[in-house]
Amino acid sequence: MSKNDVISCSEMIMTTFTSIEKATLEKNNKFFNSWKTIITKISGCGQNLYEHSKIVDTKNGILLIETDHPGWSQMMQMNKKFILRGLEMYVPEMKIKSLAFRIKGSNAMLCGASDGEYEKQLAKENQRLSKKIEEEETVLKKYEKSDDNQSNEKSNEIPQELLNKFKSMEQTMLTKNRNK
């Protein structure tokens with residue numbers, strides 16, 4: 001690495017932040033502050049919803065929200081009208097009309113219908129799910145076969161210990177009946 005390849009920290013920061021417009025930064029800051037205000041106002045679970053969710057993307061009036069558990073996505077879905085009404089009140093310029101959810105760790109993203117990415121992602125996801133289903137069916141069939149073999153082999157066998165217990169019970173029952 002030559003001396004010319006090294007840049008100072010201040011140059012790096014200036015290069016990074018000069019491309020960010022102040023208006024865009026203020027708009028995004030207002031949006032995230034509004035998000036916190038709206039979500040934390042949900043009665044009973046608002047603060048927890050806020051802590052377990054984050055905004056990932058907005059596109060075509062759809063807000064993509066990531067949660068760390070499906071239960072939080074369900075809670076968001078149940079409060080969807082409240083959230084959309086709040087977004088309309090606090091940040092009408094964003095024009096959010098719907099919410100979409102994903103679970104942390106998935107790579108789901110919002111795609112425009114016109115850019116053809118949706119079909120590619122859908123086909124890729126279908127392929128992945130088909131492969132997973134095939135693997136699970138193979139494992140299931142393997143266990144079903146082993147269970148069938150074991151049950152067929154063992155169904156005809158009664159352990160000697162159990163036979164002895166049955167004989168003992170039979171003798172006890174026969175003895176009691178004779179004593180009466």
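This is a predicted model: local features need pLDDT of at least 70, side-chain atom pairs count only at pLDDT 80 or more; totals for chains, interfaces and linings use all residues.
**Entry 1. Sheet**

In what order do the three strands form the open sheet? I looked this up before anything else. The order is β1-β2-β3, and the pairing is mixed. Residues are numbered from 1 along each chain as its sequence is written, and side-chain values use heavy atoms, with hydrogens and water left out.

I take strands as DSSP runs of E with at least two residues and helices as DSSP runs of H or I with at least four, numbered from the N terminus. Two strands count as paired if DSSP finds at least two bridges between them. I noted β1 (53-59) and β3 (98-103) as the edge strands, each pairing on one side only. From one strand to the next, the twist averages 25°.

**Entry 2. Chain overview**

I recorded seven helices and three strands in the chain. Along the sequence, the pattern reads α-α-α-β-β-α-α-β-α-α. For contacts I use heavy atoms within 4.5 Å. Among contacts between residues at least 6 apart in sequence, 64% join residues at least 24 apart.

For burial, I apply under 20% relative accessible area as buried, over 50% as exposed and anything in between as partly exposed, with a 1.4 Å probe and protein chains only. By this criterion, 18% of the 180 residues of the chain are buried. The accessible surface, by the Shrake-Rupley method with a 1.4 Å probe (for residues, only the protein chains shown count as cover), comes to about 14500 Å². Carbon and sulfur atoms account for 54% of that surface.

**Entry 3. Helices across the sheet**

Which strands does helix α2 (residues 22-40) lie across? I find α2 across β1 and β2, running at about 130° to β1. Helix α5 (residues 80-90) lies across β2 and β3 and runs at about 120° to β3. These axes are lines fitted to C-alpha atoms, for helices over the stretch in contact, and angles run from 0 to 180 degrees between N-to-C directions.

In α4 (residues 70-78), I list Trp 72, Ser 73 and Met 76 as buried. Seen down the helix axis, they fall within an arc of 105°, so they line one face of α4. The arc is that of the directions from the helix axis to the C-beta atoms. These residues pack against α2, α3 (46-51), β1, β2, α5 and β3.

In α5, the buried residues are Ile 83, Leu 84, Gly 86 and Leu 87. Their arc around the axis is only 160°, which puts them on the same side of α5. On the other side of α5, I find Lys 81, Arg 85, Glu 88 and Met 89 exposed. The cover over the buried residues of α5 includes α2, β2, α4 and β3.

Asn 79 sits in the loop between α4 and α5. A polar atom of the Asn 79 side chain lies 2.8 Å from the backbone oxygen of Met 75. Beyond neighbours within four places in sequence, Asn 79 is in contact with Ile 42 and Leu 49.

Is Ser 53 buried or exposed? Ser 53, in strand β1, counts as buried because its relative accessibility is 11%. A polar atom of the Ser 53 side chain lies 2.6 Å from the backbone oxygen of Leu 49. Not counting residues up to four places away in sequence, Ser 53 touches Trp 35, Ile 65, Glu 66, Thr 67 and Met 76.

**Entry 4. Positive phi**

The hairpin of β1 and β2 has two residues between the strands, and Asn 60 there takes a positive phi near 50°. Asn 60 counts as exposed, at 62% relative accessibility.

In the loop between α5 and β3, I looked up Lys 95. Phi of Lys 95 is near 55°, a positive value in a residue other than glycine. With 58% relative accessibility, Lys 95 counts as exposed.

Technical notes
A polar contact is a pair of N or O atoms within 3.5 Å; within protein, one must be able to donate a hydrogen and the other to accept it, and residues adjacent in sequence count only if both atoms are side-chain atoms.
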